[in-house]
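Visitor: I am new to this structure. Could you show me how to read it, one feature at a time?

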Amino acid sequence: MTRMKITVSALAVVALSATAAAARDQIRIVGSSTVFPYTQAVAEEFSNQTGAPAPIVESTGTGGGMQIFCGGIGEQHPDLTGASRRMKKSEYDLCQQNGVTDVSEALIGYDGLSIAGSRANETDWNLTLAQIFQALAAEVPVDGQMVPNPHTKWSDIDPSLPDTEIIVLGPPPTSGTRDAFVELAMHAGCEQIDEIATIAEESGNEDWVAENCSRMRTDGPFIEAGENDNLIVQRLESDPNALGIFGYSFLFENMDKLKGVKIDGVEPQTETIADGSYPLSRPLYFYVKNAHRGVIPNLDEFVNAYVAEDALASDGYLAERGLVALGDDERTKLQDDIQSATPVEITE
Amino acid sequence: MTQTDLPADLQSRGHDWASPRARANVARRRRSETVLRVVGLGAILLAFLMLGILLWTLISQGSLAFRQTHITLNVPVAAEHVDPADPAKGNYRRVIAAAMSETFPEADTTEQRALSKILSNQAQFVVRDKVVADPGLIGNEVRIRVPVSDPYDQLAKGQVDTTSAAETRRLSDVEIANFRALEEQGLISKPLNWALVTANDSRFPELAGLKGAIVGSAYALLICFLISFPLGIGAAIYLEEFAPRNRLSDVIEVNINNLAAVPSIVFGLLALAVFLGWFGMPRGAPFVGGLTLALMTLPTIIIAARNALKAVPPSIREAALGVGASKQQVVFGHVLPLAMPGILTGTIIGLAQALGETAPLLLIGMNAFVTSTPATPFDASTALPTQIFIWADSPERGFTSRTSAAILVLLGFLVMMNALAIFLRNRFERRW
């Protein structure tokens, strides 16, 4: 009797598994952990408004999301992926190879990247990008030569900075936040240094900055703190001398414990990120398979809800969550592009 | 005491129990015993201290999430906002804003906007659902009780330092004053937060709950049990009762023990490659999670089942064989029923382990944001540990306490399962 039951249930399990992959009525979304909260918001709002099943949103990181997204066309592949940078040529090629040829790109807005420290620290932090580069790069220029970073205290870089150890907690290389930080802060800071300009010119290599200014130091002052930004926030609370690098929304939520570091005198705030005066902001994208629109139920409606005014406008509900909105013209163009399903082409 | 006082046999062997050397020896042995006791006690105290600190931080953080601030409000549903012909399409955001401006008649338009933000985003949908269910409410008032949004929830729980500088707070002085006014009117209450276990995940901490994760975990455990239990018992019976003792069965035994020690993430990678890659099973389904956990639990169950079978005395088998039972009858009629309590105990402990497992589930996509309860094991969902993982990574303040609360819920389930295992063992286990 018991054996009968077990056999029957085992058979039932096998039979069910065979039908599992058959139908899908939920939208599947993967991609960047930075775009994740915004996609979450649209998904929940969409489901509440229309009563459609809520899309499944998974945070896989930008690169991981592209791998899964470009896996192919069909129900077992996701419909949409979020990205905290533009799709790379190699990823575009992967998509093409796997038959994912008709993809639309949507630039949904900008996200601020903040550097912050504990409120317990009296210092009114105000750094230039060049100083950030001097503090965190693996190699810095000294007397016309690139040497391993000798700075251990902020005052080593500039006597006006505090006489405390450089301790900066930041994201690991697998994170999109790290990519954005390297590009926006490290490269820009690198270019601000006069000596670098001379060295780069002498080398005759156009990509000199990208090749030599991307590496973060690994001798202690820069600490890779994992993907969890809340952990960095906790570490900052317990160590008033440390600074941390994370998405602006974490600073926004923890203003009672943390204060933002001004960059070139500009404080990280929604307004300064939106008007571009705060230099560390990056574009956020999503990519959608046009071949799935109209096939996967509600996908077309969902994508239109994502780019709709009440989501993306500067007083939309995504702005409430920390997204820095596009200008009006950009937004209208985006809505047109998405409506007409204009395919993206990435050539470099 | 002199040597002659001692019994003759000890004297003859040359033992001098009273000599300084012998006394020193005894004292040393006593001392080392005392040290051992103190160290042992110290180890236990240290372990308890650690456990205490863990529980204390969890409870002190998590207890905040066991209550949720709610607001009770009379909402007038005006016909100008909601069309009686199609009540589902009404502008319920406006309806809520109108209700708030009635409570604060002197507020101007921008202030009214801020006032609506006291209520959770859910409020408009609560009103909508009531109106859709009963369109006669249009033109009348609806009384609702909904959660307040996270910043105000933190305020009501005393987590906001109102004396600090305004720019360090989420809420301005005006917003705090508005909320205090509502409190004075008696509209604010802090009931038990049942939503924590009856609601699905949400991006708003005040609405987020664990229902989807609990159901997802239950499905995954069910699948895990259905697969690993019969397979584990089958393997154990074969190895213990039928397999010849030779080199092959030794190799199998060693490998099963090794398998039990393989890190769980390896099973996750295996599942990603095989179940998702080759078989094309859906991402994030509890069914796949269950399969993966079954791979992990199987060795534990086989080892437990073998030990339980081994503990059944040979006399039982011999007696049954002696009266003419076949080997199969011996196993299924006598040995297995007697070993069952031990097998069940091992199974439950294996399942409890599987319940707390996170790493393999992350790899197969069970860490998605899902706002619905899975209806079948093939719908995407989260599990309890992955839900904790997601919440721990969310910026909103409300999720900090909810993460601790979710950990407490998970610990609660684990304690229940272990208690069940102990109960089964004490109640049914036989000793020979």
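Visitor: Into which domains is chain A divided?

Guide: This is a predicted model. Chain A splits into domain 1, made of 2-111 + 283-339, and domain 2, made of 112-281. Note that domain 1 is written as two stretches of the chain.

Visitor: How far apart do the C-alpha centres of domain 1 and domain 2 of chain A lie?

Guide: They lie 32 Å apart. Next, look at where the domains touch. There, 14 residues of domain 1 of chain A are in contact with 15 residues of domain 2 of chain A. On the domain 1 side, seven are polar, four nonpolar and three charged.

Visitor: Now the two chains. How many residues of chain A are in contact with chain B?

Guide: The count is 30 residues of chain A, facing 31 residues of chain B. Start from the elements of chain A. Helix H1 (2-20), helix H2 (36-50), strand E2 (56-58) and helix H11 (248-253) each give two or more residues to that side. By class, the chain A side holds 15 nonpolar, ten polar and five charged residues.

Visitor: Which strand of chain B is joined to E2(A) by bridges?

Guide: Strand E4 of chain B, residues 368-369. Two bridges link E2(A) and E4(B), and the strands run antiparallel. For one pair to find on screen, take Val57(A), which stands opposite Phe369(B).

Visitor: In what order do the strands of the open sheet in chain B lie?

Guide: The order is E2-E1-E3, with antiparallel pairing. E2 (141-147) and E3 (188-189) of chain B are edge strands, each with a single partner, so one side of each has no neighbour in the sheet.

Visitor: How many bridges join E1(B) to E2(B)?

Guide: Seven. In that pairing, Pro76(B) has Glu141(B) as its bridge partner. On to the other pairing. E1 of chain B, residues 70-76, is joined to E3(B) by two bridges. There, Ile71(B) stands opposite Ile188(B).

Visitor: And the side chains along a strand?

Guide: Here is the general idea. In a regular strand, side chains alternate between the two faces of the sheet.

Visitor: What average pLDDT does chain B have?

Guide: First, the general rule. Where pLDDT is low, predicted coordinates should not be read in detail. Chain B averages 88, and 96% of its residues score at least 70.

Visitor: What ipTM and pTM does the predictor give the complex?

Guide: The ipTM is 0.72 and the pTM is 0.80.

Notes:
Residues numbered from 1 in each chain as written. Chains lettered and ligands numbered in written order. Predicted model: local features only at pLDDT ≥ 70, side-chain atom pairs only at ≥ 80, totals over all residues. Pairing = 2+ DSSP bridges. Helix = DSSP H or I, 4+ residues; strand = E, 2+ residues; numbered from the N terminus. Contact = placed C-beta atoms within 7 Å. Nonpolar A, V, L, I, M, F, W, Y, C, P; charged D, E, K, R; others polar. pLDDT = per-residue confidence, 0-100. Domains from an automatic or database assignment.
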